[in-house]
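Here is a short note to go with your first look at this entry. Please keep the sequence and the 3D view open while you read.

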Amino acid sequence: MTERVKQSARGGAAILLDTVRFDYGDMAMLFDFTIEPSSVAAIIGPSGAGKSTVLNLIAGFETPLSGKILIDGDDITGVAPSQRPVSMVFQENNLFAHLDVVANVGLGRKPNLRLTQADRAAVNDAIAKVGLAGKEQRKPAALSGGERQRVAIARALVRNRPVLLLDEAFASLGPALRHEMLDLVGQLQNDTGMTIVMVTHHPEDALRLPSTLFFLENGRVAASGPARELLSDKSPSLLRKYLGSQDLSV
Ligand code: ADP
(Lines give C-alpha, C1' and ligand atoms only; values in the text may rest on other atoms or scores of the structure.)
Protein backbone atom coordinates (compact mmCIF):
# COMPACT_ATOMS: atom_id res chain seq x y z
CA MET A 1 0.00 0.00 0.00
CA THR A 2 1.63 3.21 -1.13
CA GLU A 3 -0.97 5.69 0.03
CA ARG A 4 -0.09 7.09 3.40
CA VAL A 5 -2.80 6.56 5.99
CA LYS A 6 -3.71 9.96 7.36
CA GLN A 7 -3.65 10.35 11.10
CA SER A 8 -6.79 12.47 10.87
CA ALA A 9 -8.75 9.44 9.71
CA ARG A 10 -8.29 8.10 13.23
CA GLY A 11 -8.79 11.36 15.09
CA GLY A 12 -6.13 13.95 15.65
CA ALA A 13 -3.39 15.34 13.48
CA ALA A 14 0.21 16.35 14.22
CA ILE A 15 0.96 20.07 14.02
CA LEU A 16 4.44 21.17 13.03
CA LEU A 17 5.64 24.74 13.15
CA ASP A 18 8.84 24.55 11.15
CA THR A 19 11.07 27.60 11.78
CA VAL A 20 8.06 29.91 11.65
CA ARG A 21 9.05 33.56 11.92
CA PHE A 22 6.54 36.31 12.54
CA ASP A 23 6.34 39.77 14.03
CA TYR A 24 3.96 42.67 14.35
CA GLY A 25 6.82 45.14 14.09
CA ASP A 26 8.25 45.05 17.59
CA MET A 27 9.07 41.57 18.90
CA ALA A 28 10.55 38.98 16.52
CA MET A 29 8.83 35.65 17.13
CA LEU A 30 10.22 32.26 16.17
CA PHE A 31 8.26 29.05 16.59
CA ASP A 32 9.84 25.69 15.90
CA PHE A 33 7.99 22.88 17.62
CA THR A 34 5.70 19.90 17.12
CA ILE A 35 2.39 19.07 18.74
CA GLU A 36 1.77 15.33 18.72
CA PRO A 37 -1.39 13.93 17.12
CA SER A 38 -4.29 13.35 19.52
CA SER A 39 -2.53 15.18 22.31
CA VAL A 40 -3.54 18.20 24.38
CA ALA A 41 -1.08 21.08 24.15
CA ALA A 42 -1.41 23.77 26.81
CA ILE A 43 0.20 27.07 25.87
CA ILE A 44 1.03 29.30 28.81
CA GLY A 45 3.23 32.30 29.43
CA PRO A 46 3.14 35.97 30.30
CA SER A 47 0.87 38.40 28.50
CA GLY A 48 2.35 39.43 25.14
CA ALA A 49 4.53 36.29 24.88
CA GLY A 50 2.90 35.25 21.60
CA LYS A 51 0.35 32.65 22.76
CA SER A 52 -2.57 33.92 20.67
CA THR A 53 -0.23 34.48 17.75
CA VAL A 54 0.62 30.77 17.73
CA LEU A 55 -3.08 29.90 17.46
CA ASN A 56 -3.65 32.56 14.80
CA LEU A 57 -0.76 31.17 12.75
CA ILE A 58 -2.12 27.62 13.00
CA ALA A 59 -5.65 28.81 12.16
CA GLY A 60 -4.38 30.92 9.25
CA PHE A 61 -5.49 34.32 10.55
CA GLU A 62 -1.81 35.35 10.39
CA THR A 63 0.79 34.32 7.80
CA PRO A 64 4.41 33.50 8.69
CA LEU A 65 7.13 35.78 7.32
CA SER A 66 9.06 32.58 6.66
CA GLY A 67 8.93 28.92 7.63
CA LYS A 68 6.17 26.37 7.21
CA ILE A 69 3.18 25.02 9.10
CA LEU A 70 2.26 21.40 8.54
CA ILE A 71 -0.88 19.69 9.77
CA ASP A 72 -1.03 15.95 9.42
CA GLY A 73 2.00 16.16 7.13
CA ASP A 74 0.41 18.64 4.73
CA ASP A 75 1.97 22.07 4.23
CA ILE A 76 -0.96 24.40 4.96
CA THR A 77 1.09 27.62 5.21
CA GLY A 78 -0.70 29.20 2.24
CA VAL A 79 -4.11 27.60 2.80
CA ALA A 80 -7.10 29.84 3.64
CA PRO A 81 -8.41 29.59 7.24
CA SER A 82 -11.72 28.01 6.19
CA GLN A 83 -9.89 25.27 4.29
CA ARG A 84 -7.61 24.28 7.18
CA PRO A 85 -8.37 21.14 9.18
CA VAL A 86 -8.95 23.21 12.34
CA SER A 87 -11.76 24.68 14.42
CA MET A 88 -11.29 27.50 16.88
CA VAL A 89 -13.22 28.57 19.96
CA PHE A 90 -12.66 32.05 21.35
CA GLN A 91 -13.36 33.52 24.77
CA GLU A 92 -16.49 35.30 23.58
CA ASN A 93 -18.42 36.61 20.59
CA ASN A 94 -18.77 33.07 19.37
CA LEU A 95 -22.52 33.09 18.93
CA PHE A 96 -25.16 34.97 16.96
CA ALA A 97 -27.67 36.50 19.38
CA HIS A 98 -30.65 36.14 17.02
CA LEU A 99 -30.09 32.44 16.35
CA ASP A 100 -31.08 29.55 18.59
CA VAL A 101 -28.76 26.77 19.73
CA VAL A 102 -29.52 24.51 16.75
CA ALA A 103 -28.79 27.28 14.24
CA ASN A 104 -25.68 28.47 16.06
CA VAL A 105 -24.32 24.92 16.04
CA GLY A 106 -25.57 24.29 12.47
CA LEU A 107 -23.47 27.19 11.21
CA GLY A 108 -20.41 25.07 11.89
CA ARG A 109 -21.75 22.54 9.43
CA LYS A 110 -23.18 24.80 6.73
CA PRO A 111 -22.64 28.57 6.84
CA ASN A 112 -25.87 29.02 4.82
CA LEU A 113 -27.76 26.81 7.30
CA ARG A 114 -29.22 24.61 4.55
CA LEU A 115 -28.94 21.55 6.70
CA THR A 116 -29.56 18.06 5.34
CA GLN A 117 -31.00 15.27 7.43
CA ALA A 118 -27.46 14.06 8.12
CA ASP A 119 -26.36 17.58 9.13
CA ARG A 120 -29.29 17.82 11.55
CA ALA A 121 -28.41 14.48 13.06
CA ALA A 122 -24.79 15.62 13.54
CA VAL A 123 -25.97 18.89 15.11
CA ASN A 124 -28.29 17.08 17.53
CA ASP A 125 -25.56 14.61 18.38
CA ALA A 126 -23.09 17.43 19.16
CA ILE A 127 -25.69 19.28 21.25
CA ALA A 128 -26.24 16.11 23.28
CA LYS A 129 -22.49 15.51 23.64
CA VAL A 130 -21.95 18.94 25.20
CA GLY A 131 -24.89 18.41 27.56
CA LEU A 132 -27.38 20.84 26.02
CA ALA A 133 -30.17 18.44 25.03
CA GLY A 134 -33.51 20.12 25.75
CA LYS A 135 -32.12 23.62 25.17
CA GLU A 136 -32.05 23.44 21.36
CA GLN A 137 -34.47 26.33 20.83
CA ARG A 138 -32.86 28.76 23.25
CA LYS A 139 -31.16 31.94 22.10
CA PRO A 140 -27.77 32.85 23.61
CA ALA A 141 -29.32 35.42 25.99
CA ALA A 142 -31.26 32.59 27.66
CA LEU A 143 -28.10 30.56 28.31
CA SER A 144 -25.45 30.86 31.02
CA GLY A 145 -21.85 31.74 30.12
CA GLY A 146 -20.84 28.10 30.45
CA GLU A 147 -23.72 26.96 28.27
CA ARG A 148 -22.79 29.48 25.60
CA GLN A 149 -19.28 28.05 25.47
CA ARG A 150 -20.81 24.57 25.21
CA VAL A 151 -22.65 25.78 22.10
CA ALA A 152 -19.38 27.10 20.67
CA ILE A 153 -17.74 23.73 21.32
CA ALA A 154 -20.65 21.88 19.72
CA ARG A 155 -20.26 24.09 16.66
CA ALA A 156 -16.58 23.17 16.51
CA LEU A 157 -17.49 19.47 16.89
CA VAL A 158 -19.87 19.41 13.91
CA ARG A 159 -17.06 20.74 11.73
CA ASN A 160 -15.39 17.41 12.35
CA ARG A 161 -11.86 18.77 12.05
CA PRO A 162 -8.93 16.92 13.61
CA VAL A 163 -7.56 20.01 15.39
CA LEU A 164 -9.38 22.13 17.99
CA LEU A 165 -7.88 25.47 19.03
CA LEU A 166 -9.09 27.04 22.28
CA ASP A 167 -8.03 30.67 22.78
CA GLU A 168 -8.68 31.28 26.46
CA ALA A 169 -12.08 29.84 25.70
CA PHE A 170 -13.06 29.48 29.35
CA ALA A 171 -11.30 32.52 30.79
CA SER A 172 -14.50 34.40 31.55
CA LEU A 173 -15.92 31.51 33.60
CA GLY A 174 -15.38 31.00 37.33
CA PRO A 175 -13.07 28.18 38.48
CA ALA A 176 -15.80 25.55 38.97
CA LEU A 177 -17.33 26.11 35.52
CA ARG A 178 -13.89 26.32 33.93
CA HIS A 179 -13.00 22.94 35.39
CA GLU A 180 -16.31 21.53 34.18
CA MET A 181 -15.55 22.76 30.65
CA LEU A 182 -12.04 21.33 30.76
CA ASP A 183 -13.47 17.98 31.82
CA LEU A 184 -15.91 18.16 28.91
CA VAL A 185 -13.07 18.94 26.49
CA GLY A 186 -11.08 16.02 27.93
CA GLN A 187 -14.02 13.70 27.44
CA LEU A 188 -14.56 14.87 23.84
CA GLN A 189 -10.85 14.48 23.20
CA ASN A 190 -11.05 10.90 24.48
CA ASP A 191 -14.05 10.18 22.25
CA THR A 192 -12.74 11.75 19.05
CA GLY A 193 -8.95 11.66 19.45
CA MET A 194 -8.73 15.22 18.14
CA THR A 195 -5.60 17.25 18.78
CA ILE A 196 -6.30 20.15 21.13
CA VAL A 197 -4.24 23.31 21.49
CA MET A 198 -5.37 25.54 24.32
CA VAL A 199 -4.06 28.90 25.38
CA THR A 200 -4.67 29.56 29.04
CA HIS A 201 -3.74 32.02 31.74
CA HIS A 202 -4.22 29.28 34.30
CA PRO A 203 -1.28 26.84 34.38
CA GLU A 204 -3.35 24.45 36.51
CA ASP A 205 -5.62 23.92 33.47
CA ALA A 206 -2.74 21.94 32.00
CA LEU A 207 -2.89 19.59 34.99
CA ARG A 208 -6.62 18.99 34.70
CA LEU A 209 -6.06 17.17 31.37
CA PRO A 210 -2.99 15.06 30.56
CA SER A 211 -1.20 17.62 28.45
CA THR A 212 2.07 18.78 27.04
CA LEU A 213 3.00 22.21 28.27
CA PHE A 214 4.53 24.86 26.03
CA PHE A 215 5.80 27.81 28.03
CA LEU A 216 6.20 30.87 25.82
CA GLU A 217 8.37 33.86 26.57
CA ASN A 218 9.27 36.71 24.22
CA GLY A 219 7.91 35.07 21.12
CA ARG A 220 9.42 31.62 21.50
CA VAL A 221 8.99 28.36 23.40
CA ALA A 222 11.23 28.67 26.45
CA ALA A 223 10.30 25.27 27.93
CA SER A 224 8.13 22.34 26.94
CA GLY A 225 7.31 18.86 28.19
CA PRO A 226 4.69 16.91 30.13
CA ALA A 227 2.72 19.37 32.25
CA ARG A 228 2.94 17.09 35.30
CA GLU A 229 6.71 17.35 35.21
CA LEU A 230 7.05 21.00 34.28
CA LEU A 231 4.55 22.08 36.92
CA SER A 232 6.05 19.96 39.69
CA ASP A 233 8.67 20.81 42.30
CA LYS A 234 11.22 20.17 39.58
CA SER A 235 10.03 23.04 37.36
CA PRO A 236 12.85 24.65 35.41
CA SER A 237 13.82 27.92 37.08
CA LEU A 238 12.61 30.14 34.23
CA LEU A 239 9.16 28.60 34.55
CA ARG A 240 9.20 28.79 38.34
CA LYS A 241 9.66 32.54 38.12
CA TYR A 242 6.48 32.83 36.02
CA LEU A 243 4.61 30.39 38.23
CA GLY A 244 5.79 32.18 41.36
CA SER A 245 2.59 34.02 42.15
CA GLN A 246 0.26 31.51 40.52
CA ASP A 247 -1.83 29.23 42.68
CA LEU A 248 -1.91 25.83 40.98
CA SER A 249 -4.78 24.59 43.13
CA VAL A 250 -7.42 26.99 41.74
P1 ADP B 1 -0.31 36.63 24.24
O2 ADP B 1 -1.42 35.87 23.62
O3 ADP B 1 0.78 35.75 24.79
O4 ADP B 1 -0.75 37.63 25.26
P5 ADP B 1 -0.09 37.83 21.63
O6 ADP B 1 0.20 36.68 20.73
O7 ADP B 1 -1.47 38.35 21.67
O8 ADP B 1 0.43 37.48 23.09
O9 ADP B 1 0.85 39.04 21.24
C10 ADP B 1 2.24 38.92 21.00
C11 ADP B 1 2.81 40.29 20.70
O12 ADP B 1 2.24 40.80 19.49
C13 ADP B 1 2.52 41.34 21.76
O14 ADP B 1 3.64 42.19 21.83
C15 ADP B 1 1.30 42.06 21.23
O16 ADP B 1 1.25 43.38 21.69
C17 ADP B 1 1.55 42.02 19.74
N18 ADP B 1 0.30 41.96 18.96
C19 ADP B 1 -0.68 41.01 19.09
N20 ADP B 1 -1.65 41.22 18.19
C21 ADP B 1 -1.29 42.32 17.49
C22 ADP B 1 -1.88 43.05 16.42
N23 ADP B 1 -3.04 42.67 15.87
N24 ADP B 1 -1.22 44.15 15.94
C25 ADP B 1 -0.04 44.53 16.47
N26 ADP B 1 0.59 43.88 17.48
C27 ADP B 1 -0.03 42.80 17.99
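What share of the 250 residues of the protein chain counts as buried?

1. **Burial and surface.** This is a predicted model. In the protein chain, 49% of the 250 residues count as buried. The chain exposes about 11900 Å². Carbon and sulfur atoms supply 49% of that area.

2. **Overall form.** The chain holds 8 helices and 10 strands. Its C-alpha trace spans about 50 × 50 × 40 Å along the principal axes. A compact globule with 250 residues would have a radius of gyration near 18 Å; the chain has 18 Å, so the two agree.

3. **Contacts and charge.** Take the contacts between residues at least 6 apart in sequence: 67% of them join residues at least 24 apart. The protein chain carries 27 positive and 27 negative side chains. The centres of these two sets lie 4 Å apart.

4. **Helix α4, length.** Helix α4 covers residues 145-159. At 1.5 Å a residue, its 15 residues should span 21 Å. The end C-alpha atoms are 22 Å apart, which agrees.

5. **Helix α4, cover.** How many of the 15 residues of α4 are buried? The count is 12, so α4 is mostly covered, with buried meaning under 20% relative accessible area. Among them are Val151, Ile153, Leu157 and Val158. The packing partners of the buried residues are β6, α2 (101-109), α3 (117-129), β7 (163-167) and α5 (175-192).

6. **Asparagine 160.** Just after α4, asparagine 160 takes a positive phi of about 60 degrees. This residue is not a glycine. Asparagine 160 sits in the loop between α4 and β7. Is asparagine 160 buried or exposed? Its relative accessibility is 65%, so asparagine 160 counts as exposed.

7. **Serine 38.** Here is another non-glycine residue with a positive phi, about 60 degrees. Serine 38 lies in the loop between β2 (29-35) and β3 (40-44). Serine 38 counts as partly exposed because its relative accessibility is 30%.

8. **Valine 79.** Where does valine 79 lie? Look in the loop between β5 (74-75) and β6 (86-89). Valine 79 has a relative accessible area of 27%, so it is partly exposed. Valine 79 and alanine 59 are 20 residues apart in sequence. In space, their C-alpha atoms are 9.6 Å apart.

Notes:
Residues numbered from 1 in each chain as written. Predicted model: local features only at pLDDT ≥ 70, side-chain atom pairs only at ≥ 80, totals over all residues. Heavy atoms only, no water. Helix = DSSP H or I, 4+ residues; strand = E, 2+ residues; numbered from the N terminus. Rg over C-alpha atoms; globule rule 2.2 N^0.38 Å. Buried < 20%, exposed > 50% of the residue type's maximum accessible area, 1.4 Å probe, protein only. Contact = heavy atoms within 4.5 Å. Areas by Shrake-Rupley, 256 points an atom, 1.4 Å probe, with all protein chains shown as cover. Lys, Arg positive; Asp, Glu negative; His and termini not counted. Charge placed at Lys NZ, Arg CZ, Asp CG, Glu CD. Expected span 1.5 Å × (residues − 1).
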